[in-house]
Amino acid sequence: SVILMGRLELRADDATPKSSATAPTELKVWTADRLPMFSLDRLTGGRTDLVRLRGHVVLAHFFATWCEPCRAEMDSLRQMVGRMHEKPLVVIAIDAGEVDSRVQRFFAGVAPPFPILLDHDGAAAKAWQVSVLPTTFVLDGDLVPRFVAEGDLDWTRPEVEATLMNLIASKAAAHAAGFAPL
């Protein structure tokens, strides 16, 4: 990534598709610190405050309209949301630093089943250490980062869905046992 006048600029070459010889992107355990909360404008109007999503497993998906791997992953996310629509799972897609009109054109006619947030100045992407697009963070019900996928991930793979279901089940078990979040 390149920092230019305080804005996060992710170049197209940062998100080039992987060659067939490269292993597919995996969900990796997040081992760094907690990430800061954010409040971002929604493409459809209003704002989304991350802190208000507490109690759900959250996928925070950073993308850009010019990113070819992001396009394929967006479809994969749509399919996953369709299969898991009754689970306490929330997907938020965060456009990294593009103008609203470009993002609106990108989604014209094909509205996703999850909110599109606008990181106008790239501050959220920078604070979340996003250096390649797409990047997706999986947060538990207490909004603690548990996994990260840097690069395009097929969210329809059974092992990916199993990881999400295990995270959802562990939150439900802790809630049922009367454990309070930290």
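Eight strands form an open sheet of mixed pairing, in the order 3-10-9-6-7-8-4-5. Strands are DSSP runs of E with at least two residues, helices are runs of H or I with at least four, and both are numbered from the N terminus. Two strands pair if DSSP finds at least two bridges between them. Strand 3 (28-29) and strand 5 (47-49) are the edge strands, each pairing on one side only. The model is predicted: local features need pLDDT of at least 70, side-chain atom pairs count only at pLDDT 80 or more, and totals for chains, interfaces and linings use all residues. Residues are numbered from 1 along each chain as its sequence is written, and side-chain values use heavy atoms, with hydrogens and water left out.

Strand 6 (residues 57-63) and strand 7 (residues 89-96) run parallel and are joined by seven bridges. Val58 stands opposite Val90 in strand 7. Helix 1 (residues 68-83) packs on the sheet and touches strand 6, strand 7 and strand 9. Contact means heavy atoms within 4.5 Å.

Asp140 sits in the loop between strand 9 (135-139) and strand 10 (145-150). Its relative accessible area is 8%, so Asp140 is buried (under 20% relative accessible area; exposed is over 50%, partly exposed in between; 1.4 Å probe, protein chains only). The side chain of Asp140 makes a polar contact with that of Arg146 (2.8 Å). Such a contact is a pair of N or O atoms within 3.5 Å; within protein, one must be able to donate a hydrogen and the other to accept it, and residues adjacent in sequence count only if both atoms are side-chain atoms. A polar side-chain atom of Asp140 also lies 2.9 Å from the backbone nitrogen of Asp142.

Definitions and conventions:
Axes fitted to C-alpha atoms, helices over the stretch in contact; angles between N-to-C directions.
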